[in-house]
Amino acid sequence: MEREGPTRLERSVLLHLLEHRGQQVRFEADQWTTEFGIFRAFAHEDLPELKNCLRALEMTRYIYRRVQYVIGYSEPKLVYSLTPSGHRKALDLRREDGGEESGESEIAILPGQVVAPRESGA
């Protein structure tokens, strides 16, 4: 049976990872992308439900996990990141929620690239 789309919690996690991916350097990630950081950010949610959500997003290949160094920690931590399809889905969700006014482009920005903000026609 095929799923219709991401649940409310899955949508929230995808948008959280989109917001906190920032300008990650090659070897260090944002602390809010760690498993612990996600658990803290969604402390109001049921923990088993949140763990199932992360597992479901991995199974649909919207996110992946790896161990890497995190800013502010001395040892590597488990970090979640968006896959290319997860990044596109998160951008679509943000657009659906009316977040396109932020002026961010849909084009993926590679590290080291500088992009000027779009000018509004108004």
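A residue counts as buried when its relative accessible area is under 20%. By that criterion Leu17, at a relative accessible area of 2%, is buried. The structure described here is a predicted model. Its protein chain contains four helices and three strands, arranged from the N terminus in the order α-β-α-α-β-β-α.

**Overall chain**

- The protein chain has 122 residues, of which 30% count as buried.
- Among contacts in the protein chain with a separation of 6 or more, 54% are between residues 24 or more positions apart.

**Helix α1**

- Helix α1 covers residues 8–20, and its 13 residues should span 18 Å at 1.5 Å a residue; the end C-alpha atoms are 18 Å apart, in agreement with that value.
- The buried residues in α1 are Leu9, Glu10, Val13, Leu14, His16, Leu17, Leu18 and His20.

**Leu17 within α1**

- Leu17 belongs to helix α1 and is one of the buried residues of that helix.
- Apart from neighbours within four places in sequence, Leu17 is in contact with Thr33, Ile38, Ile63, Tyr80 and Leu82.

**Packing of α1 with α4**

- The axes of α1 and α4 come within 9 Å of each other and cross at roughly 105 degrees.
- Angles of 65 to 115 degrees count as roughly perpendicular, and α1 and α4 are therefore assigned to that class.
- On the α1 side, the contact is made by Arg11, Leu14, Leu15 and Leu18.
- On the α4 side, the contact is made by Gly86, His87, Lys89, Ala90, Leu91, Leu93, Arg94 and Glu96.
- Sorted by class, the contact of α1 with α4 comprises six nonpolar, two polar and four charged residues.

**His87 within α4**

- His87 lies in helix α4 and takes part in the contact with α1.
- The relative accessibility of His87 is 13%, so this residue counts as buried.
- Not counting residues up to four places away in sequence, His87 touches Leu18, Arg21 and Leu82.

**Packing of α1 with α3**

- The axes of α1 and α3 are 10 Å apart, and the two helices pack at an angle of about 70 degrees.
- α1 and α3 are therefore roughly perpendicular to each other.
- α1 contributes Arg8, Leu9, Glu10, Val13 and Leu14 to this contact, and α3 contributes Glu49, Leu50, Cys53, Leu54, Ala56 and Leu57.
- By class, the contact of α1 with α3 has eight nonpolar and three charged residues, with no polar ones.
- Leu14 of α1 takes part in the contact with α3 and also in the contact with α4.

**Helix α3**

- Helix α3 has 13 residues, and the distance from its first C-alpha to its last is 18 Å, close to the 18 Å expected at 1.5 Å a residue.
- Leu50, Cys53, Leu54, Ala56 and Leu57 are the buried residues of α3.
- Around the helix axis these residues cover an arc of only 160 degrees, which puts them on the same side of α3.
- The elements covering the buried residues of α3 include α1, α2, β2 and β3.

**Loop residues**

- Arg61 follows α3 and is placed in the loop between α3 and β2.
- Although Arg61 is not a glycine, its phi is positive, at about 60 degrees.
- Arg61 counts as exposed because its relative accessibility is 63%.
- Gly72 is located in the loop between β2 and β3.
- With a relative accessibility of 78%, Gly72 counts as exposed.
- Gly72 and Glu28 are 44 residues apart along the chain, and their C-alpha atoms are separated by 9.3 Å.

Conventions:
Residues numbered from 1 in each chain as written. Predicted model: local features only at pLDDT ≥ 70, side-chain atom pairs only at ≥ 80, totals over all residues. Heavy atoms only, no water. Expected span 1.5 Å × (residues − 1). Buried < 20%, exposed > 50% of the residue type's maximum accessible area, 1.4 Å probe, protein only. Axes fitted to C-alpha atoms, helices over the stretch in contact; angles between N-to-C directions. Parallel < 35°, antiparallel > 145°, perpendicular 65-115°, else oblique. Contact = heavy atoms within 4.5 Å. Nonpolar A, V, L, I, M, F, W, Y, C, P; charged D, E, K, R; others polar. Arc of directions from axis to C-beta.
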